[in-house]
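Hi,

Here's the structure I promised to pass on.

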Amino acid sequence: MNKINPKKLLNSKWTAVTPRNKEKHFIISEIEFDEESIVVSCCIEAVMSKRSAAINWHDLKDERIWIHGWQ
């Protein structure tokens with residue numbers, strides 16, 4: 001299980017275990033916190049295509065889907 005500190009999530013780099021549409025490397029481009037420092041929303045952006053999508057940041061903990069860093 002990937003350990004994630006929500007405060008260090010912005011601009012962190014991720015690799016998809018099973019790339020889709022030739023998109024393998026991603027970066028967290030946006031993150032929004034509420035007044036209690038709880039993550040409300042998170043956007044991930046594909047490096048090559050610049051396609052952005054909302055993601056549940058808890059999904060990044062699953063090593064079967066995401067690897068921390070660019071591999």
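Predicted model: local features only at pLDDT ≥ 70, side-chain atom pairs only at ≥ 80, totals over all residues.

On the scale used here, buried is under 20% relative accessible area, exposed is over 50% and partly exposed is in between, with a 1.4 Å probe and protein chains only. Ser 41 belongs to strand β3; strands here are DSSP runs of E with at least two residues, numbered from the N terminus.

Residues are numbered from 1 along each chain as its sequence is written, and side-chain values use heavy atoms, with hydrogens and water left out.

Now the aromatic part. Rings of Phe, Tyr and Trp (the six-membered ring for Trp) pair if their centres lie within 6.5 Å; planes under 30 degrees apart are stacked, over 60 edge-to-face, and the rest tilted. That rule gives 1 aromatic pair. The pair is Phe 26 with Trp 66, and it is edge-to-face because the ring planes stand at 90 degrees, with the centres 5.2 Å apart. Phe 26 sits in strand β2 (residues 23-33) and Trp 66 in strand β5 (residues 66-68), so the pair ties together parts 40 residues apart in sequence. Phe 26 is buried at 8% relative accessible area, and Trp 66 is buried too, at 10%.

There is also a charge over a ring, for which NZ of Lys or CZ of Arg has to be within 6 Å of the ring centre and within 35 degrees of the ring normal. Lys 13 meets this over the face of Trp 70, 5.1 Å from the ring centre.

Next, the largest pocket. The search runs on a 1 Å grid over the protein atoms alone: a pocket is an open set of points where a 1.4 Å probe fits, with protein on both sides within 12 Å along at least five of seven lines, and lining residues have an atom within 4 Å of a point. Points are joined across faces, edges and corners, and the volume is the space filled by probe spheres set on them. On that basis the largest pocket holds about 270 Å³. Its lining has 15 residues, and those nearest the centre are Ala 16, Arg 20, Phe 26, Arg 51 and Trp 66. Two or more lining residues come from each of β1 (13-20), β2, β3 (39-46) and β4 (52-54), and β1 contributes the most, with 5. By class the lining is 11 nonpolar, 1 polar and 3 charged, where nonpolar means Ala, Val, Leu, Ile, Met, Phe, Trp, Tyr, Cys and Pro, charged means Asp, Glu, Lys and Arg, and the others, Gly among them, are polar.

Which side chain does Glu 23 touch through a polar contact? That of Arg 51, at 2.7 Å. (A polar contact is a pair of N or O atoms within 3.5 Å; within protein, one must be able to donate a hydrogen and the other to accept it, and residues adjacent in sequence count only if both atoms are side-chain atoms.) Glu 23 is in strand β2 and buried at 7%. Arg 51 is in the loop between β3 and β4 and partly exposed at 40%. Lys 50 is in that β3 to β4 loop as well, and it is exposed at 56%.

Thr 15, in strand β1, is buried at 1% relative accessibility. Its side chain reaches the backbone oxygen of Gly 69 at 2.6 Å, and a polar atom of that side chain lies 2.9 Å from the backbone nitrogen of Gln 71.

Last, a couple of backbone angles. Asn 11, in the segment before β1, has a positive phi near 65 degrees without being a glycine. Ser 37, in the loop between β2 and β3, is not a glycine either and has a positive phi of about 60 degrees. Ser 37 is partly exposed, at 44%.

Cheers

How values were computed:
Helix = DSSP H or I, 4+ residues; strand = E, 2+ residues; numbered from the N terminus.
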